[in-house]
Amino acid sequence: MLTKLLNIKYPIIQAPMFLVSNTEMVIEAMKSGIAGCIPALNYRTLPELREAIKELKQAKVEGGSFGFNLIVNKSNVKYKDQLRVLCEEGCDFIITSLGNPEETITEAHAVGIKVFCDVTDLHFAKKVEDLCADAAIAVNNQAGGHRGNLSPKELISLLTKHLTIPVISAGGVGCKSDIDKMLSYGAAGVSVGSPFIASIEAGVTDEYKQACVDYGAKDIVMTERISGTPCTVINTPYVQKIGTRSTWLEKVLNKNRTLKKWVKMIRFYIGMKATEKAALQATYKTVWVAGPSIEYTQAILPVKDIVKKLIN
């Protein structure tokens, strides 16, 4: 169980969310008996990342745990330096996304840090198991942001049947009955993101938080306009206006092997800047990333109260 793996009270990870997650959220998560995780990319500089780690180490309590998410492919030019800082300062776990986690697993294990790897299918799950990952995070088709293609039941059942390492389910959890369901499928625990966007401690605008209250599962759509890869967002009037498909020029360029990589990098940069502006400033250009589990979000609450809703 995830509780034993991370020495936490409840089998829940507060998922790492770009721009949303911060130390305040994770500290409250730890006090509530769960684990919390922050994308390393939420920190512009390495000294800022180092300070965040120190703050979390000082705030850690019995029954809580903290970690960081690393993008481990070439799109993250800071990856190696971020990994070095995490290993120097120490944390309980690292979650890897979008790339080969071999180096992260080797370096982290050398200093006693556990590594969980995002996967969306059995092929990659077997690969990370062979690399000695401590757990696979099964990203299903109910997850917010970049999601998988399989339903929670399909993916958890498939992975638990063929893996020996624990499987942590990511996506589709907004209440206690959802957690019970994921555990009944064989998951060792769950990673929960979208319900925590509308927390008092989240570092985004009140407009973003309120949108998670006002909109529901039926309002979540897939868009290619952020990173070039399908990503779930709230279907605001602005999203409806700009559309959710890549432009005709991007489609043409994506067919060119030489140019495809550069087109994706440019789209990723432009999309991330637009997302950052919408999340951190009052703007009509509202591209708000979220998953269908905002269906259960009825008010902007402290993290501790959101955790209570998940466990009771």
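Glu28 is buried (under 20% relative accessible area, against over 50% for exposed and in between for partly exposed, with a 1.4 Å probe and protein chains only), at 19% relative accessibility. The model is predicted, so local features need pLDDT of at least 70 and side-chain atom pairs count only at pLDDT 80 or more, while totals for chains, interfaces and linings use all residues. Residues are numbered from 1 along each chain as its sequence is written, and side-chain values use heavy atoms, with hydrogens and water left out.

Side chains of opposite charge can pair when their charged atoms come close. A salt bridge is defined here as a side-chain nitrogen of Lys or Arg within 4 Å of a carboxyl oxygen of Asp or Glu. The count by this rule is 12 salt bridges.

Glu28 pairs with Lys31 in one of these bridges, with 3.5 Å between the closest N and O atoms. Lys31 is exposed, at 55% relative accessible area. Both residues lie in helix H2 (residues 23-31), three residues apart, which means a separation of about one helical turn. Helices are DSSP runs (H or I, at least four residues), numbered from the N terminus.

A salt bridge also joins Glu103 and Lys80, whose closest N and O atoms are 2.8 Å apart. This pair links distant parts of the chain, 23 residues apart: Glu103 belongs to helix H5 (residues 102-110) and Lys80 to helix H4 (residues 79-89). Glu103 is partly exposed at 30%. Lys80 is exposed at 52%.

In helix H8 (residues 176-184), Asp180 and Lys176 are four residues apart, about one helical turn. Their side chains form a salt bridge of 2.9 Å, N to O. Asp180 is partly exposed at 37% relative accessibility. Lys176 is partly exposed at 30%.

Methods
Helices (H or I, at least four residues) and strands (E, at least two) are DSSP runs, numbered from the N terminus.
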